[in-house]
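My entries follow the order in which I checked things.

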Amino acid sequence: MNERHPGSSTRESSADASATEVLAEAMPTAAESRAATYRFLSALLLNEVTSDFLKAAATQPPVTDGTLGAYFASLSTANIEQARIDAAAEFAALLLNMSPDPVAVYESVYTSPEHLMMQEARDEVLAAYRAEGFVVGKSQNLPEDHISFELEFMALLCEREEACMSTLDAAGAGHSRAVQKAFLTDHLLRWAPILAADLASKARSNLYRGLAETLSQFLEFEREEFGLPPASQHAAC
(Lines give C-alpha, C1' and ligand atoms only; values in the text may rest on other atoms or scores of the structure.)
Protein backbone atom coordinates (compact mmCIF):
# COMPACT_ATOMS: atom_id res chain seq x y z
CA MET A 1 0.00 0.00 0.00
CA ASN A 2 1.26 3.46 -0.86
CA GLU A 3 0.82 5.21 2.51
CA ARG A 4 -0.30 8.86 2.38
CA HIS A 5 0.75 9.17 6.01
CA PRO A 6 4.20 6.67 5.72
CA GLY A 7 -15.10 15.59 22.24
CA SER A 8 -16.43 12.23 23.44
CA SER A 9 -20.06 12.72 22.44
CA THR A 10 -21.90 9.52 21.60
CA ARG A 11 -21.36 8.56 18.00
CA GLU A 12 -22.99 5.75 16.08
CA SER A 13 -20.81 3.60 13.86
CA SER A 14 -20.74 4.52 10.18
CA ALA A 15 -19.04 1.28 9.19
CA ASP A 16 -21.96 0.56 6.89
CA ALA A 17 -21.20 3.70 4.86
CA SER A 18 -20.29 2.87 1.29
CA ALA A 19 -16.64 2.42 0.41
CA THR A 20 -17.31 4.83 -2.47
CA GLU A 21 -18.00 7.64 -0.01
CA VAL A 22 -14.90 6.78 2.00
CA LEU A 23 -12.83 6.79 -1.18
CA ALA A 24 -13.92 10.32 -2.05
CA GLU A 25 -12.91 11.94 1.25
CA ALA A 26 -9.92 14.27 1.40
CA MET A 27 -7.03 13.13 3.57
CA PRO A 28 -4.94 16.24 4.26
CA THR A 29 -3.36 15.25 7.58
CA ALA A 30 -1.68 12.18 9.02
CA ALA A 31 -4.44 11.48 11.53
CA GLU A 32 -7.15 11.98 8.92
CA SER A 33 -5.26 9.77 6.48
CA ARG A 34 -5.08 7.01 9.08
CA ALA A 35 -8.79 7.46 9.81
CA ALA A 36 -9.65 7.21 6.11
CA THR A 37 -7.60 4.02 5.77
CA TYR A 38 -9.34 2.50 8.78
CA ARG A 39 -12.75 3.43 7.32
CA PHE A 40 -11.82 2.09 3.88
CA LEU A 41 -10.81 -1.28 5.32
CA SER A 42 -13.81 -1.32 7.63
CA ALA A 43 -16.25 -0.74 4.79
CA LEU A 44 -14.78 -3.45 2.56
CA LEU A 45 -14.79 -6.00 5.38
CA LEU A 46 -18.41 -5.33 6.32
CA ASN A 47 -20.23 -5.11 2.99
CA GLU A 48 -19.80 -6.45 -0.51
CA VAL A 49 -18.58 -3.92 -3.05
CA THR A 50 -21.15 -2.08 -5.12
CA SER A 51 -21.18 -1.24 -8.80
CA ASP A 52 -20.75 2.43 -7.90
CA PHE A 53 -17.63 1.67 -5.92
CA LEU A 54 -16.15 -0.42 -8.73
CA LYS A 55 -16.97 2.25 -11.33
CA ALA A 56 -15.33 4.92 -9.18
CA ALA A 57 -12.28 2.73 -8.61
CA ALA A 58 -12.03 2.06 -12.36
CA THR A 59 -11.91 5.77 -13.23
CA GLN A 60 -10.05 7.04 -10.16
CA PRO A 61 -8.26 4.14 -8.46
CA PRO A 62 -7.39 4.49 -4.78
CA VAL A 63 -3.74 5.23 -4.08
CA THR A 64 -2.52 1.75 -3.30
CA ASP A 65 0.18 -0.59 -4.52
CA GLY A 66 0.55 -4.35 -4.49
CA THR A 67 -2.20 -6.84 -5.14
CA LEU A 68 -5.07 -4.46 -4.39
CA GLY A 69 -3.56 -1.87 -6.69
CA ALA A 70 -3.37 -4.48 -9.45
CA TYR A 71 -7.03 -5.31 -8.92
CA PHE A 72 -8.10 -1.66 -9.18
CA ALA A 73 -5.95 -1.19 -12.29
CA SER A 74 -7.67 -4.16 -13.93
CA LEU A 75 -11.09 -2.56 -13.53
CA SER A 76 -10.46 -0.06 -16.34
CA THR A 77 -10.99 -2.86 -18.88
CA ALA A 78 -13.28 -5.11 -16.84
CA ASN A 79 -16.98 -5.80 -17.12
CA ILE A 80 -18.04 -3.96 -13.97
CA GLU A 81 -21.24 -5.89 -13.41
CA GLN A 82 -19.44 -9.22 -13.72
CA ALA A 83 -16.74 -7.94 -11.38
CA ARG A 84 -19.44 -7.03 -8.88
CA ILE A 85 -21.08 -10.45 -9.14
CA ASP A 86 -17.75 -12.23 -8.70
CA ALA A 87 -16.81 -10.06 -5.73
CA ALA A 88 -20.21 -10.57 -4.10
CA ALA A 89 -19.90 -14.33 -4.40
CA GLU A 90 -16.44 -14.33 -2.87
CA PHE A 91 -17.49 -11.94 -0.09
CA ALA A 92 -20.36 -14.27 0.85
CA ALA A 93 -18.14 -17.33 0.78
CA LEU A 94 -15.31 -15.79 2.78
CA LEU A 95 -16.90 -13.27 5.12
CA LEU A 96 -20.55 -14.28 5.46
CA ASN A 97 -19.88 -17.90 6.42
CA MET A 98 -21.43 -19.20 3.19
CA SER A 99 -18.79 -21.81 2.40
CA PRO A 100 -17.23 -24.85 4.06
CA ASP A 101 -14.11 -22.87 4.96
CA PRO A 102 -14.95 -19.20 5.70
CA VAL A 103 -12.82 -16.59 7.44
CA ALA A 104 -13.79 -15.76 11.03
CA VAL A 105 -14.31 -12.02 11.44
CA TYR A 106 -14.78 -11.86 15.22
CA GLU A 107 -12.02 -11.34 17.77
CA SER A 108 -13.56 -13.85 20.19
CA VAL A 109 -13.10 -16.67 17.70
CA TYR A 110 -9.36 -16.01 17.57
CA THR A 111 -8.67 -15.22 21.21
CA SER A 112 -11.01 -17.44 23.26
CA PRO A 113 -9.83 -20.91 24.30
CA GLU A 114 -12.95 -22.46 22.76
CA HIS A 115 -12.71 -20.33 19.56
CA LEU A 116 -16.34 -19.28 19.96
CA MET A 117 -18.21 -16.06 19.28
CA MET A 118 -19.47 -13.69 22.00
CA GLN A 119 -16.68 -14.39 24.47
CA GLU A 120 -14.59 -12.15 26.73
CA ALA A 121 -13.12 -10.14 23.86
CA ARG A 122 -16.58 -8.99 22.82
CA ASP A 123 -17.29 -7.72 26.33
CA GLU A 124 -13.95 -5.95 26.49
CA VAL A 125 -14.31 -4.11 23.19
CA LEU A 126 -17.87 -3.13 24.09
CA ALA A 127 -16.55 -1.58 27.31
CA ALA A 128 -13.88 0.27 25.32
CA TYR A 129 -16.50 1.58 22.89
CA ARG A 130 -18.76 2.77 25.69
CA ALA A 131 -15.90 4.54 27.45
CA GLU A 132 -15.40 6.64 24.30
CA GLY A 133 -19.07 7.09 23.41
CA PHE A 134 -18.92 4.84 20.33
CA VAL A 135 -22.06 2.90 19.45
CA VAL A 136 -22.31 0.23 16.76
CA GLY A 137 -25.10 1.14 14.36
CA LYS A 138 -28.48 -0.31 15.30
CA SER A 139 -28.88 -1.66 11.78
CA GLN A 140 -25.89 -3.95 12.32
CA ASN A 141 -27.09 -7.03 14.13
CA LEU A 142 -23.57 -8.34 14.67
CA PRO A 143 -21.33 -8.84 17.72
CA GLU A 144 -19.29 -5.78 18.61
CA ASP A 145 -15.94 -7.52 18.14
CA HIS A 146 -16.46 -7.79 14.37
CA ILE A 147 -13.30 -6.63 12.58
CA SER A 148 -15.19 -3.85 10.81
CA PHE A 149 -16.39 -2.27 14.05
CA GLU A 150 -12.96 -2.42 15.64
CA LEU A 151 -11.48 -0.66 12.62
CA GLU A 152 -14.28 1.91 12.68
CA PHE A 153 -13.58 2.60 16.35
CA MET A 154 -9.94 3.31 15.53
CA ALA A 155 -11.06 5.65 12.73
CA LEU A 156 -13.14 7.62 15.22
CA LEU A 157 -10.19 7.90 17.60
CA CYS A 158 -7.95 9.15 14.79
CA GLU A 159 -10.52 11.78 13.89
CA ARG A 160 -10.72 12.91 17.49
CA GLU A 161 -6.94 13.16 17.59
CA GLU A 162 -7.02 15.39 14.53
CA ALA A 163 -9.82 17.54 15.96
CA CYS A 164 -7.86 18.07 19.16
CA MET A 165 -4.69 18.88 17.27
CA SER A 166 -6.53 21.46 15.16
CA THR A 167 -7.60 23.28 18.32
CA LEU A 168 -4.22 22.86 20.05
CA ASP A 169 -5.79 20.58 22.66
CA ALA A 170 -2.68 18.60 23.56
CA ALA A 171 -4.38 16.78 26.42
CA GLY A 172 -7.27 15.64 24.24
CA ALA A 173 -4.95 14.51 21.45
CA GLY A 174 -2.82 12.66 23.98
CA HIS A 175 -5.86 10.88 25.38
CA SER A 176 -6.95 9.79 21.91
CA ARG A 177 -3.46 8.50 21.12
CA ALA A 178 -3.34 6.61 24.41
CA VAL A 179 -6.69 4.92 23.70
CA GLN A 180 -5.55 4.02 20.18
CA LYS A 181 -2.34 2.48 21.50
CA ALA A 182 -4.19 0.51 24.16
CA PHE A 183 -6.79 -0.77 21.70
CA LEU A 184 -4.13 -1.87 19.23
CA THR A 185 -2.20 -3.61 21.99
CA ASP A 186 -5.14 -5.25 23.73
CA HIS A 187 -7.21 -6.08 20.66
CA LEU A 188 -6.41 -5.44 17.01
CA LEU A 189 -2.77 -6.51 16.98
CA ARG A 190 -3.59 -9.68 18.90
CA TRP A 191 -5.81 -11.09 16.17
CA ALA A 192 -6.31 -8.98 13.04
CA PRO A 193 -2.94 -9.95 11.49
CA ILE A 194 -4.01 -13.60 11.86
CA LEU A 195 -7.33 -12.79 10.20
CA ALA A 196 -5.45 -11.08 7.37
CA ALA A 197 -3.26 -14.14 6.84
CA ASP A 198 -6.33 -16.37 6.90
CA LEU A 199 -8.10 -14.19 4.35
CA ALA A 200 -5.03 -14.09 2.11
CA SER A 201 -4.75 -17.88 2.11
CA LYS A 202 -8.41 -18.46 1.24
CA ALA A 203 -9.18 -15.64 -1.19
CA ARG A 204 -9.17 -16.37 -4.90
CA SER A 205 -9.39 -12.85 -6.31
CA ASN A 206 -6.94 -9.99 -6.19
CA LEU A 207 -9.64 -7.94 -4.48
CA TYR A 208 -9.70 -9.98 -1.27
CA ARG A 209 -6.09 -11.12 -1.45
CA GLY A 210 -5.20 -7.46 -1.83
CA LEU A 211 -7.53 -6.43 0.98
CA ALA A 212 -5.80 -8.93 3.27
CA GLU A 213 -2.39 -7.67 2.18
CA THR A 214 -3.38 -4.04 2.74
CA LEU A 215 -4.84 -4.77 6.17
CA SER A 216 -1.67 -6.58 7.20
CA GLN A 217 0.60 -3.80 5.94
CA PHE A 218 -1.46 -1.07 7.57
CA LEU A 219 -1.50 -2.83 10.93
CA GLU A 220 2.27 -3.14 10.71
CA PHE A 221 2.47 0.59 10.00
CA GLU A 222 0.30 1.23 13.05
CA ARG A 223 2.46 -1.03 15.21
CA GLU A 224 5.51 0.99 14.19
CA GLU A 225 3.62 4.28 14.58
CA PHE A 226 3.08 3.54 18.27
CA GLY A 227 6.41 1.80 18.90
CA LEU A 228 4.75 -1.48 19.81
CA PRO A 229 6.49 -4.89 19.89
CA PRO A 230 6.48 -7.06 16.75
CA ALA A 231 3.22 -8.76 15.92
CA SER A 232 4.58 -12.15 16.98
CA GLN A 233 4.67 -10.82 20.52
CA HIS A 234 0.95 -10.04 20.34
CA ALA A 235 -0.01 -13.68 19.84
CA ALA A 236 -3.62 -14.52 20.58
CA CYS A 237 -4.38 -16.59 23.64
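I began with α2 and α9, whose crossing is left-handed (the near helix is turned anticlockwise from the far one by less than a right angle; clockwise would be right-handed). The axes of helix α2 (residues 30–46) and α9 come within 15 Å and cross at roughly 40°, where axes are lines fitted to C-alpha atoms, for helices over the stretch in contact, and angles run from 0 to 180 degrees between N-to-C directions. That angle makes α2 oblique to α9, because under 35 degrees counts as roughly parallel, over 145 as roughly antiparallel, 65 to 115 as roughly perpendicular and the rest as oblique. From α2, Arg34, Tyr38 and Leu45 make the contact (heavy atoms within 4.5 Å), and from α9 it is made by Arg177, Gln180, Leu184, Leu188 and Leu199. I sorted the residues of this contact into 5 nonpolar, 1 polar and 2 charged, counting Ala, Val, Leu, Ile, Met, Phe, Trp, Tyr, Cys and Pro as nonpolar, Asp, Glu, Lys and Arg as charged, and the others, Gly among them, as polar.

I noted what I was reading: this is a predicted model, in which local features need pLDDT of at least 70 and side-chain atom pairs count only at pLDDT 80 or more, while totals for chains, interfaces and linings use all residues. Residues are numbered from 1 along each chain as its sequence is written, and side-chain values use heavy atoms, with hydrogens and water left out.

Next I counted elements and found 10 helices and 2 strands in the protein (DSSP runs numbered from the N terminus, H or I of at least four residues for helices, E of at least two for strands).

Of its 61 residues, Tyr38, Leu75, Leu95, Ile147, Leu188 and Tyr208 touch the most other members. Helix α9 (residues 170–202) gives the most to this core, with 10 residues. Not counting residues up to four places away in sequence, Leu188 touches several residues, including Tyr38, Ile147 and Phe183.

Is Glu222, which I looked up last, buried or exposed? Glu222 counts as buried because its relative accessibility is 0% (buried is under 20% relative accessible area, exposed over 50%, partly exposed in between, with a 1.4 Å probe and protein chains only). Glu222 lies in helix α10 (residues 206–225), and beyond its neighbours within four places in sequence it is in contact with Arg34, Tyr38, Met154 and Leu184.

Note on methods: A nonpolar core is a set of buried Ala, Val, Leu, Ile, Met, Phe, Trp, Tyr and Cys residues joined through side-chain atoms within 4.5 Å.
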